[in-house]
Amino acid sequence: MKIFISADMEGISGVATNQQLKTNSEYQRFRKLMTADVNAAIEGAFEGGATEVVVADGHGNMSNILVEDLDARARLVSGNNRVMCQLEGLDGTFDAIMFVGHHGREAGSERTVISHTLAGICVNEIKINGKVVGETEMNALVAGSFHVPAIFISGDDAYVKEVHETLPDVKAAVTKRAVDRFAAELIHPEAAQKEIREKAEEAVKDTKSYKPLRTEGPVTFDMELKGPQQAMMTTTLPTVTLTGPRSIRFTCDDMVTAYKHMWGCVIIAMTAANGVLGSVNA
Ligand SMILES: [Zn+2]
């Protein structure tokens, strides 16, 4: 049985503020904790019957997990030039997807820790076919288009509640109680990792009982960006239309194409935050 793990950092045990995830001395502590939470999920997956585990590091520069400390049975997708963003490496050969250390969406719950949708610098809200989604729900839809069900999540309690609205049966390990966007009531990482291991094992054992999250037919994304300069620059793509000063829309024939298109728009919008050539050393 083949399991894909999408790993993020905000929902990792011990994380309470954004400063801990920037490249400073604090960050090195949290890379270790991220690796340990992911290891707990890998161990649970193998205990539950997995024979192959691929982990995609999906936070920030997408190279946070310490490969030398990672469970040697797993493979790691690391580095950030990826057409499939947080899902690079996923395809229809996988039996299930798990989300470790993920977080609530931008403008979702009032208290989910370090909430945002993909890139805080540019995205206010993403809707897929009219429904507001966070990263987990969006990734679950993409996995669903490959007939791969989402079976497990770990993160703060508010994030878990948010995801359960769309994926009520997904097994969840609560790594902390969210107090505010930049505060949490923590439990010891070993306690969180014990729960991750146990719930991941249960989820993998039950994989056959989960249904993939799917939408049929064309896929329309509505994206509200932070600034009009970001929305405007995405219209360099002929498929994008402005629906408001900061809002864009595009439609694709299938979810995977739409996901790549969304990521392309985010890349453009991030670059346009301060002028597209502002940070280029050409
Ligand atoms: Zn992240």
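Donors are N, O and S atoms within 2.8 Å of the metal, and water is not among the atoms, so sites may look incomplete. In this predicted model, the zinc ion is coordinated by Asp-8, Glu-10 and His-59. The points below cover the zinc site, the nonpolar cores and the cysteines.

**Zinc site**
- Asp-8 gives an OD atom, Glu-10 gives two OE atoms and His-59 gives ND1, at 2.0 to 2.4 Å from the zinc ion.
- The angles among the four donor atoms run from 55 to 134°, and the site is irregular.
- Along the sequence, the donor residues follow the spacing D-x1-E-x48-H.
- Asp-8 and Glu-10 are both buried.

**Nonpolar cores**
- The largest nonpolar core has 52 residues, and Ile-126, Phe-221, Met-223 and Met-262 touch the most other members.
- Helix H6, residues 255–272, gives the most to this core, with nine residues.
- Domain 1 (2–117 + 134–209) and domain 2 (219–272) each supply at least three residues to this core.
- Leaving out residues up to four places away in sequence, Met-223 touches residues including Ile-126, Phe-250, Met-262 and Cys-265.
- A second, separate core holds 40 residues, among them Leu-33, Val-38, Ala-40 and Ala-173.

**Cysteines**
- The disulfide count is zero.
- The sulfur of Cys-122 has its closest cysteine sulfur in Cys-265, 9.8 Å away, which is too far for a bond because a disulfide needs sulfur atoms within 2.5 Å.
- For Cys-265, the closest cysteine sulfur is in Cys-252, at 8.8 Å, again too far for a bond.
- Cys-122 counts as buried because its relative accessibility is 0%.
- Cys-265 is likewise buried, at 0% relative accessibility.

Terms used. Residues numbered from 1 in each chain as written. Predicted model: local features only at pLDDT ≥ 70, side-chain atom pairs only at ≥ 80, totals over all residues. Heavy atoms only, no water. Donors = N, O, S within 2.8 Å, 3.2 Å for Na, K, Ca; no water. Tetrahedral: all angles 85-135°; square planar, octahedral: opposite > 155°, others 65-115°. Buried < 20%, exposed > 50% of the residue type's maximum accessible area, 1.4 Å probe, protein only. Core = buried A, V, L, I, M, F, W, Y, C linked by side-chain atoms within 4.5 Å. Helix = DSSP H or I, 4+ residues; strand = E, 2+ residues; numbered from the N terminus. Domains from an automatic or database assignment. Contact = heavy atoms within 4.5 Å.
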